Amino acid sequence: MSRLLLLLSLLILCGHVHVHGRYNLPDQSDLISDGVRQFGTSYSYSPNFLTLHRPALNADDSTCDETYGFLPCTTTILGNLFLIIVYGGLMYLAATYLTNGSELLLEILGPGIIGGLFLPILGALPDAMLILVSGLSGSTETAQDQVSVGMGLLAGSTVMLISVVWGSCVFIGKCDIENNIAVDNKDTKKLSLTGSGVTTDTLTSYSAIIMAVSVIPFIVVQLPQLLSSTYLRQLAILIGLVLSLALLISYCMYQVFQPWIQRRRLAYAKHKHVISGLLKHLKQRALGRLLHDNGELNQEVVKKLFDTIDTDTDNHLSHSELRALIVGIRFDEIELDKDDAVDKVMKDFDTSHDSLITREEFTKGVQKWLNEAKHAGNSTSYSGSHTEKFLNDFHEQTKKEHDLFVRGEEQSDEVVEGVDNPKKTSIKAGLMLLAGTLIAAAFADPLVDAVDNFSDATSIPTFFISFIALPLATNSSEAVSAIIFASRKKKRTASLTFSELYGAVTMNNVLCLSVFLALVYVRGLTWDFSAEVLVIVIVCVVMGVFGGLRTTFPLWTTSIAYLLYPFSLVLVYVLDYIFGWS
């Protein structure tokens with residue numbers, strides 16, 4: 001609250017002394033000339049120097065309009081820079097209030113609709129608000145000029161989070177990598193490019209893939225821009241808007257039902273580990289090879305295995321006989337419900353649904369499981385002599401998948417401590433969310449105006465100013481939170497950190513793009529952002545595929561992330577100002 005009062009005090013002070021402005025002496029037009037000064041001339045005080053200003057003679061002179069009729073504005077470089085800092089600080093404050101209020105609300109109400117639908121939208125609200133006001137300002141010509149501020153913010157937020165912040169989280173959260181997994185709180189290898197890094201769970205990889213998919217509306221909108229048909233361009237914007245809204249709703253629903261999806265994935269991982277453990281056990285008990293040299297199933301060996309398990313020699317395997325088999329299998333210290341494991345085997349093998357497995361059903365079931373192990377394993381040869389190798393590979397793979405899913409389950413189902421005073425906390429959370437929303441709504445327009453005026457004063461394109469400066473205001477709280485979590489140097493917190501980053505970028509892509517496309521379509525603005533779209537697509541696809549294909553990130557991966565930031569700026573500059581895309 002003290003920061004808010006300080007920033008508002010600065011604005012009030014600016015309003016009195018006219019930072020933009022000029023502190024004009026009383027109008028001299030009605031006074032008698034002293035013979036030295038020319039009639040109608042006035043002195044004015046600038047923060048930088050004392051200058052002599054004549055009254056504006058035509059409409060072409062540099063002027064600025066006060067936002068809401070009372071907030072200060074300026075046409076000077078330093079004045080606009082000061083206003084960007086003040087308004088940016090207020091937007092950062094709004095983002096902080098929204099983040100803290102969301103966390104308090106989540107503690108009280110828990111995940112589900114609140115955590116999956118409401119909070120992600122609140123997290124992207126400052127960015128969405130800035131994009132909205134950038135396209136609502138004044139006439140169509142003014143909106144076309146200022147909408148590049150919104151595109152710069154959209155591209156800058158995405159690139160900053162997934163490059164600079166992502167790389168910093170890997171660097172700060174690095175631990176020693178052993179057996180391709182980072183060990184919690186162990187950082188003895190320091191700056192080893194391959195021996196130090198972070199490990200996340202499988203769910204985080206899915207979040208990265210979702211982030212890559214979220215750029216599809218950008219591509220849909222951009223492709224028809226290569227054509228000369230205005231109708232097709234407008235149609236593409238409408239289709240892109242509908243698609244981005246559909247992705248937004250789908251992503252929110254995914255967040256709502258994520259715990260259920262996670263439990264299903266964990267159950268599937270356990271099922272696969274039952275398969276691998278049982279196959280490995282059967283291989284050890286088999287009186288020969290399970291597969292011939294040509295890769296075909298050795299049915300004689302499978303029949304002998306059946307006879308070994310069929311203790312009552314009735315040519316059927318019952319639930320109790322399967323349970324006796326599974327009780328004797330060690331699943332590498334993975335806790336499995338034995339009855340549940342028996343049910344999984346019975347479900348896969350008992351095609352007649354009579355709760356008994358015949359010799360033929362057993363043979364077909366083993367064949368099916370071996371085929372699944374072949375397709376999932378890393379071995380290139382599946383002959384009898386390599387059976388043990390590909391079964392071991394499959395077993396290790398399923399164990400690793402299970403461990404990663406368990407970490408994800410622990411993360412998503414982590415017990416939240418009770419709130420001492422729910423009513424008081426609810427009121428506090430509501431006030432923080434209200435304050436953050438009001439501040440973002442009130443100062444988004446002045447910030448956009450300040451960026452536009454600074455661009456006019458410096459001749460720097462508004463895109464580059466908003467690309468670099470505005471994400472620092474709207475995304476700093478997310479960046480700081482991610483880095484703090486990463487510094488704990490644990491697998492669970494690393495997973496949470498990168499999931500939050502991927503989720504923030506996804507929400508930027510779908511929610512903020514929906515707002516942006518709605519503005520372009522409703523106000524009839526020109527879509528002229530080919531280079532900017534290309535940057536967003538490249539960064540999201542590269543990091544999305546990179547994060548989706550692996551769960552361990554050695555220290556050398558930070559170089560890829562960090563280089564994407566300057567690469568993005570250079571690419572936009574080259575395409576727009578050298579090749580003339582814009």
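**Entry 1: Arg359 and its partner.** I started with Arg359, which comes out as partly exposed at 24% relative accessibility. Keep in mind that this is a predicted model. Next I checked what Arg359 pairs with, and I found a salt bridge to Asp307, with the closest N and O atoms 2.9 Å apart. Asp307 sits in helix H10 (residues 299-309) and Arg359 in helix H13 (residues 359-376), so this pair ties together parts that are 52 residues apart in sequence. I looked up the accessibility of Asp307 too: it is partly exposed, with a relative accessible area of 42%.

Entry 2: Which side chain of opposite charge is nearest to Glu321? I got Arg359 again, but it is 11 Å away. Glu321 is buried and has no salt bridge. I placed Glu321 in helix H11 (residues 319-327). So what does the side chain of Glu321 reach? I found the backbone nitrogen of Ser318, at 2.9 Å. Skipping neighbours within four places in sequence, I listed the contacts of Glu321 as Ile309, Asp310, Thr311, Asp312 and His316.

**Entry 3: the sheet.** I then traced an open sheet of four strands, in the order E5-E4-E6-E9, and its pairing is antiparallel. Strand E5 (181-182) and strand E9 (552-554) are at the edges with a single partner strand each, so one side of each has no neighbour in the sheet. I looked at how E5 is held to strand E4 (residues 175-178), and the two are joined by two bridges.

Entry 4: How many salt bridges turn up in the whole structure? My search gave five. One of them joins Lys174 and Asp187, with the closest N and O atoms 3.0 Å apart. Lys174 is in the loop between helix H5 (140-173) and E4, while Asp187 is in the loop between E5 and strand E6 (196-199), 13 residues apart. Buried or exposed, I wondered about Lys174 and Asp187? Both are buried. I also noted that Lys174, Asp187 and Lys489 are linked in a network of salt bridges.

Lys186 and Glu178 form a salt bridge as well, at 2.6 Å from N to O. I checked both ends: Lys186 is partly exposed at 33%, and Glu178 is partly exposed at 34%.

Note on methods:
Residues numbered from 1 in each chain as written. Predicted model: local features only at pLDDT ≥ 70, side-chain atom pairs only at ≥ 80, totals over all residues. Heavy atoms only, no water. Buried < 20%, exposed > 50% of the residue type's maximum accessible area, 1.4 Å probe, protein only. Lys, Arg positive; Asp, Glu negative; His and termini not counted. Salt bridge = Lys/Arg side-chain N within 4 Å of Asp/Glu carboxyl O. Polar contact = N/O pair within 3.5 Å; in protein donor to acceptor, adjacent residues only side chain to side chain. Contact = heavy atoms within 4.5 Å. Pairing = 2+ DSSP bridges.
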